[in-house]
Amino acid sequence: VQGYNANAMVDGARQIVVHAQAFGDGNDGTNAAPMLEGARENLAAAGMPAVLEGAVVSADTSYYTKENLRACAEAKVDAYIPDAKFRSRDPRFQDAQRHRRPTDRHKTDYRSKRTTFGPHDFVADQKSGGLICPAGKRLCRSGSNILTREGYRVMAFKASDTTCAACPLRRKCLKDPEQKSGRQVRIFLGREGQSLTEAMKAKIDTPLGRATYSRRLGIVEPVFANLTTHKGLDRFTLRGQAKVNLQWKLYCLVHNLEKLGKHGFGRN
């Protein structure tokens, strides 16, 4: 069967396709480099040459390869690409036990002796980049890319002293309820010297990593749904990668024109 693998990179604010490309291989294991380079060139042509550096970029599990993770590191993007088994490690799934081997199921009986709220009780705040505590208050980032003496990369968050002073949950949150300083939370992103794949697993397994990756579903999948369902592109009608790539980009161009019109670009 002659087929092609259509990829698209979409911005999270308005679902504009910043780069589209059809590959002749169904495996996405090496697609990150050309997709990032194409997006960089398109954004530079639009007058935004440095917008990609430092930007948050997420992709599905088919992109989880050393080659793709290396390409993201070289492009200096903040990548969130999970491995195929990341959901089996997510404590939010109540049926996680079925993912374990029979010899490991005794581990699910473990109960933490922690009596105060832990990092998993704090939810990532996408707007501010901070955390939301169980009482609904915000912790601001107090440090990023911190390297501990043990070699771990850490992101630190802290609540203001006044926020915690009158909180009804302070005895459940602070180890010492009499302390005057606000609650601090550290999110571990992996250990220095880890392989790219191990570091990405550690990053995805943090509350911030899970929350960031979960946004992908509402950003890029509606674009593919629009192109296939509303535009009727359920199959390519041309032969040859050059022609298929052109057809794919033309459909994405129509999608972009609709999005630009919806958001008021070009109106007097």
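Modeller: Happy to! Let's start with helix 6, which is mostly covered, as 7 of its 8 residues are buried. Here buried means under 20% relative accessible area, exposed means over 50%, and partly exposed lies in between (1.4 Å probe, protein chains only). Helices are DSSP runs of H or I with at least four residues, numbered from the N terminus. This is a predicted model, where local features need pLDDT of at least 70 and side-chain atom pairs count only at pLDDT 80 or more, while totals for chains, interfaces and linings use all residues. Residues are numbered from 1 along each chain as its sequence is written, and side-chain values use heavy atoms, leaving out hydrogens and water.

Helix 6 covers residues 207–214, and arginine 210 is found there. The buried residues of this helix are Pro207, Leu208, Gly209, Arg210, Ala211, Thr212 and Tyr213. Arginine 210 counts as buried because its relative accessibility is 15%. What does arginine 210 touch, leaving aside its neighbours within four places in sequence? It is in contact (heavy atoms within 4.5 Å) with Arg89, Asp90, Pro91, Arg92, Ile204 and Asp205.

For contrast, look at leucine 246 in helix 9, residues 241–262. Leucine 246 has a relative accessible area of 52%, so it is exposed.

Definitions and conventions. Helices (H or I, at least four residues) and strands (E, at least two) are DSSP runs, numbered from the N terminus.
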